[in-house]
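Student: I am new to this structure. Can we go through its charged side chains together?

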Amino acid sequence: MIKQYKQDFYKLDYSIIEPGKIFDRNQIKHFLKIVKKSLPSYSNSSSNFNKKSFNNVKVYGLPLKFRSSRGQKLRNKVYSNYYGKRAVLEIHQWKIENTKILIDIIANQNLLTLAKDILETDKISFHNGSISACYPGYPGVQSFHSDTGHFTISPEQAVLSRQEKQYQINFIIYLNDVDKTVSPLCLIPSTFKKINKINNQVSKFYGSKLDKDSLSQGNPVYPELLSDLPESSLKVTGSGGTVLCLNSGALHRETENLTSNRTRYAILLTYTKFHSPFVKMYSKNFNEVRAVRRFCNLFDDKQIILKS
């Protein structure tokens with residue numbers, strides 16, 4: 001089965017792992033329960049909801065329905081303060097009583113075996129991770145992006161890493177059922193093989209240098225800039241426990257939550273080769289030194305959370 005996942009990943013830039021293959025049903029139910037407790041409840045009416053960070057949880061998004069009223073809620077309907085929002089908590093800031101759960105997630109042997117096989121190495125390291133909730137009304141992100149630039153020292157290094165065919169593996173774990181209406185991740189298959197050509201195309205449009213990355217989240221890459229590529233885009237759906245294994249360099253984006261009462265919960269984990277030359281050191285990724293140190297001390301095997 002791993003062979004098929006690997007073939008799909010190399011051909012399409014992603015593979016979909018069915019529920020029960022990585023984490024069992026009871027684990028997923030337990031993870032979902034804890035994640036719900038760790039993120040703001042949709043029914044929570046805290047007046048602090050529009051602060052960028054609340055208890056280390058970052059909140060993003062602006063509901064499309066409110067834009068025409070300049071940010072004011074529509075009078076004929078009652079919405080949660082989190083309507084149209086997405087909440088994200090970096091995994092090193094995730095404070096839970098049973099810290100063994102973090103190890104069960106990050107150092108899961110099924111996950112590590114698959115990551116090592118795809119990366120063709122015996123030594124990998126955990127790059128970063130987060131838990132998130134996409135609440136009803138969340139508008140998603142209309143532009144595509146590649147994650148490579150986020151994991152490298154500079155925009156120039158991002159381009160070099162792609163030329164060297166370097167990438168990380170993103171695992172997106174759906175904790176509840178996700179259909180096309182509940183913010184499924186959208187990707188364009190097989191874009192990593194063409195990523196340098198796509199970067200040149202977008203760079204020329206923005207008047208940027210060709211040796212710099214133009215595909216990061218900070219540089220909007222709207223579908224109209226990508227010729228006919230978006231026509232092959234795919235929204236990845238699945239029941240709770242589905243795991244999407246994604247090439248971090250492939251083009252992807254978040255989509256909207258069209259429902260009025262369903263929240264999408266997910267865990268994101270990213271792994272890379274232990275001595276990947278273009279990957280930032282872990283200590284430079286996060287400013288919260290104490291939180292990082294506390295997080296790292298949870299692991300007996302420090303190799304998985306160290307960087308080259």
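Student: Is Arg 86 buried or exposed?
Tutor: This is a predicted model, so the answer is computed from predicted atoms. Buried means under 20% relative accessible area. Arg 86 has 16% relative accessibility, so the residue counts as buried.

Student: Which side chain meets Arg 86 in a salt bridge?
Tutor: Side chains of opposite charge can pair when their charged atoms come close. Here the N to O distance is 3.0 Å. The partner is Glu 254.

Student: How many residues apart in sequence are Glu 254 and Arg 86?
Tutor: Arg 86 lies in strand S4 (residues 86-90). Glu 254 lies in the loop between strand S10 (252-253) and strand S11 (264-273). So the pair ties together parts of the chain whose separation in sequence is 168 residues.

Student: Lys 6 and Glu 120 also meet in a salt bridge. Which of the two is exposed?
Tutor: The N to O distance in this pair is 3.5 Å. Lys 6 is in helix H1 (residues 2-12), and Glu 120 is in the loop between helix H5 (109-119) and strand S5 (124-134). Lys 6 has a relative accessible area of 18%, so Lys 6 is buried. At 59% relative accessibility, the exposed residue is Glu 120.

Student: Which helix holds both Asp 104 and Lys 100?
Tutor: Asp 104 forms a salt bridge with Lys 100, with the closest N and O atoms 3.1 Å apart. The two residues are four residues apart, about one turn of the helix. Both lie in helix H4.

Notes
Residues numbered from 1 in each chain as written. Predicted model: local features only at pLDDT ≥ 70, side-chain atom pairs only at ≥ 80, totals over all residues. Heavy atoms only, no water. Salt bridge = Lys/Arg side-chain N within 4 Å of Asp/Glu carboxyl O. Buried < 20%, exposed > 50% of the residue type's maximum accessible area, 1.4 Å probe, protein only.
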